[in-house]
Amino acid sequence: MPNASSWSASSPLLLLWEDSSGTHIFLSLLYAVLAISGTLSNVMVIYLVFSFKKLQTTSNAFIVNGCAADLSVCALWMPQEAVLGLLPPNSSSLRSAEYRLLRGGLLSLGLTVSLASHLLVAFNRYVLITKLPSVYQALYQRRHTGCMIGLSWALALLLVPLLPGLWTSGSAQQPPPRQPDGSSRYTGLLLALAVLGQTALLLHCYLGIVRRVRGSAKRVSVLNFHLLHQLPFPAAPPPPRRAQRRLSSVSVLLLCCVFLLGTQPLVWVSLLGFFLRPAPPALQAASWLLLCALSALNPLLYTWRSEEFRRAARSVLP
């Protein structure tokens, strides 16, 4: 059985794997908690958007797209990881190449579309607040919005067969290969660079929103992204009070911080393993679990500041 040293020599994107029943049970419990909480929160957001007309906006369409992608991780992939952690290490389920490919495909599909949805939401809000209303209306027609969502899934489906080794081995419940795969290392490097590029674009959008909120009178308050359903725009509302602008800026920066906390540890662990030496196993495990937790937290990140979502939730929940 491979030990920690052999694991350190494997792909830097993989989660810590140890031949320890205690470790497997602990990881299974974490996956079970994330699976239940993430499934409930994603399903709730999707249900609210489809049930309440006021929530059926362009920005929320991208949020629902991300929730659907996160469901493939929380409702389909995580429960399998939780169950496999309770099986013996020599179980045939762990050794089945077809089953590993299936789990890897679910993970690849969900994470790719989820990350793309983050960027689509950020760009949508950036255009809404920093550009003219005519530009927003021309860019975010219903047909264009559908094409953007379709392209995010098409891109993910194209990447699923291209990244089989990377995503299939990204599991806590199966042993890593004894020898590092050079192609997997380069694939991990390309993935890290792609996530860094996506993060740079997302930060550019949100920091542009913050600058606009703090430095000028806006047409639309960032506290009310759900007002998109009122387009075409009426007369410009009065600029928000200073306290509202400050709170809005804090909300945007908090969203960015949570996103960075969930994605960047895994990216930098990958870069460290490619250019220098593999990171400690505990750091690899923590970075992977943070990325998994992001799929469960995404619905709350985009709805906790929306009064419309809170009203809809209060009308549904007892």
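**Exercise 1. Decide whether S114 is buried or exposed, and find out which residues S114 touches.**

Solution. S114 has a relative accessible area of 5%, and buried means under 20% relative accessible area, exposed over 50% and partly exposed in between, with a 1.4 Å probe and protein chains only. S114 therefore counts as buried. Finally, leaving aside residues up to four places away in sequence, S114 touches A69, D70 and N298, contact meaning heavy atoms within 4.5 Å.

This is a predicted model, in which local features need pLDDT of at least 70 and side-chain atom pairs count only at pLDDT 80 or more, while totals for chains, interfaces and linings use all residues. Residues are numbered from 1 along each chain as its sequence is written, and side-chain values use heavy atoms, with hydrogens and water left out.

**Exercise 2. Work out how helices α3 and α7 are oriented towards each other, and which residues meet.**

Solution. Begin with the geometry: α3 (residues 58-84) and α7 (residues 142-159) pack at about 20°, and their axes are 11 Å apart. Here axes are lines fitted to C-alpha atoms over the stretch in contact, and angles run from 0 to 180 degrees between N-to-C directions. Angles under 35 degrees count as roughly parallel, over 145 as roughly antiparallel, 65 to 115 as roughly perpendicular and the rest as oblique, and α3 and α7 are therefore roughly parallel to each other. Then list the contact: T58, A61, F62, N65, A68 and A69 of α3 meet T145, M148, I149, S152 and W153 of α7. By type, the residues of this contact comprise seven nonpolar, four polar and no charged.

**Exercise 3. Describe the aromatic pair of Y31 and W77, and then that of F62 and Y140.**

Solution. The structure holds three aromatic pairs; rings of Phe, Tyr and Trp (its six-membered ring) pair if their centres lie within 6.5 Å, and planes under 30 degrees apart count as stacked, over 60 as edge-to-face and the rest as tilted. Y31 and W77 lie 5.5 Å centre to centre with 85° between the planes, an edge-to-face pair. This pair links distant parts of the chain, since Y31 is in helix α2 (residues 21-51) and W77 in helix α3, 46 residues apart. Y31 is buried at 0% relative accessibility, and W77 is buried at 1%. The ring centres of F62 and Y140 are 6.0 Å apart and their planes stand at 70°, so this pair is edge-to-face.

Terms used: Helix = DSSP H or I, 4+ residues; strand = E, 2+ residues; numbered from the N terminus. Nonpolar A, V, L, I, M, F, W, Y, C, P; charged D, E, K, R; others polar.
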